[in-house]
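Biologist: I would like to learn how to read contacts, accessibility and strand pairing from a set of coordinates. Could we go through them one feature at a time?

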Amino acid sequence: MATYYSEEHEWLSVEGDTATLGITKHAAEQLGEVVFVEQQEAGDEFEKGGEIGVIESVKAASELYAPVDGEITEVNEALADNPGALNEDPEGEAWIYKIKISDASQLEELMDLDGYKALIG
C-alpha cells in the first residue's frame with residue numbers, strides 16, 4: 001500500500017485501483033474544530049481538481065478537491081454524526097471517501113511523505 005499527498009493537504013492511501021482519501025493532520029490543525037462535513041455520494045464521478053466536498057470548522061469552510069480522476073465507491077457516514085473525528089484521527093478512522101482511481105498515472109503528480117513534510121516545513 002502506498003500513500004500520496006496533495007498540495008491541498010489531502011492523503012490518498014492506494015491499494016490496487018482503490019484509494020482511501022482524507023485530510024492530513026496538518027490540515028485538521030489549520031482548520032481548528034470541525035463542525036460539519038459536506039460529502040458527495042457513492043457513485044459520484046469526478047475529475048482531478050474538481051470540488052468533492054466541504055469541511056466546515058469554527059474558523060472557516062474549506063473545499064475538498066479531487067487529487068485524481070475517479071469515482072466514489074464508499075462514503076464515511078460516521079462523519080455526518082461526528083465531524084470532530086477529523087480533528088481526532090484525520091489520517092486514520094476519519095477518512096472521507098474510498099474511491100476507484102480512473103487514471104493511476106495521476107498519482108505520479110502527487111507527493112510522498114518527505115515531499116509533503118517539505119511543503120508544510
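Biologist: Which side chain does T20 meet in a polar contact?

Modeller: A polar contact is a pair of N or O atoms within 3.5 Å, where within protein one must be able to donate a hydrogen and the other to accept it, and residues adjacent in sequence count only if both atoms are side-chain atoms. Here the side chain of T20 meets that of K98 at 3.2 Å. The model is a predicted one, in which local features need pLDDT of at least 70 and side-chain atom pairs count only at pLDDT 80 or more, while totals for chains, interfaces and linings use all residues. Residues are numbered from 1 along each chain as its sequence is written, and side-chain values use heavy atoms, with hydrogens and water left out.

Biologist: Is T20 buried or exposed?

Modeller: Buried means under 20% relative accessible area, exposed over 50%, and partly exposed in between, with a 1.4 Å probe and protein chains only. T20 is buried, at 14% relative accessibility, and belongs to strand β3, residues 18-23. Contact means heavy atoms within 4.5 Å; not counting residues up to four places away in sequence, T20 touches W11, L12, S13, W95, Y97 and K98.

Biologist: Where is E91 found, and what does its side chain reach?

Modeller: E91 is found in the loop between α3 (85-88) and β9 (97-101), helices (H or I, at least four residues) and strands (E, at least two) being DSSP runs numbered from the N terminus. The side chain of E91 reaches the backbone nitrogen of K25 at 2.8 Å, and the residues that E91 touches, leaving aside those up to four places away in sequence, include W11 and I23. With a relative accessible area of 41%, E91 is partly exposed.

Biologist: How should I read the sheet with the order β4-β6-β7?

Modeller: Strands of a sheet pair through backbone hydrogen bonds, either parallel or antiparallel. Two strands count as paired if DSSP finds at least two bridges between them. In this case the sheet is open, has three strands and shows antiparallel pairing. Because β4 (34-39) and β7 (61-65) each have a single partner strand, they stand at the edges, and one side of each is left without a neighbour in the sheet. Strand β6 (residues 51-57) pairs with β7 over five bridges in the antiparallel sense, and E51 has Y65 in β7 as its bridge partner.
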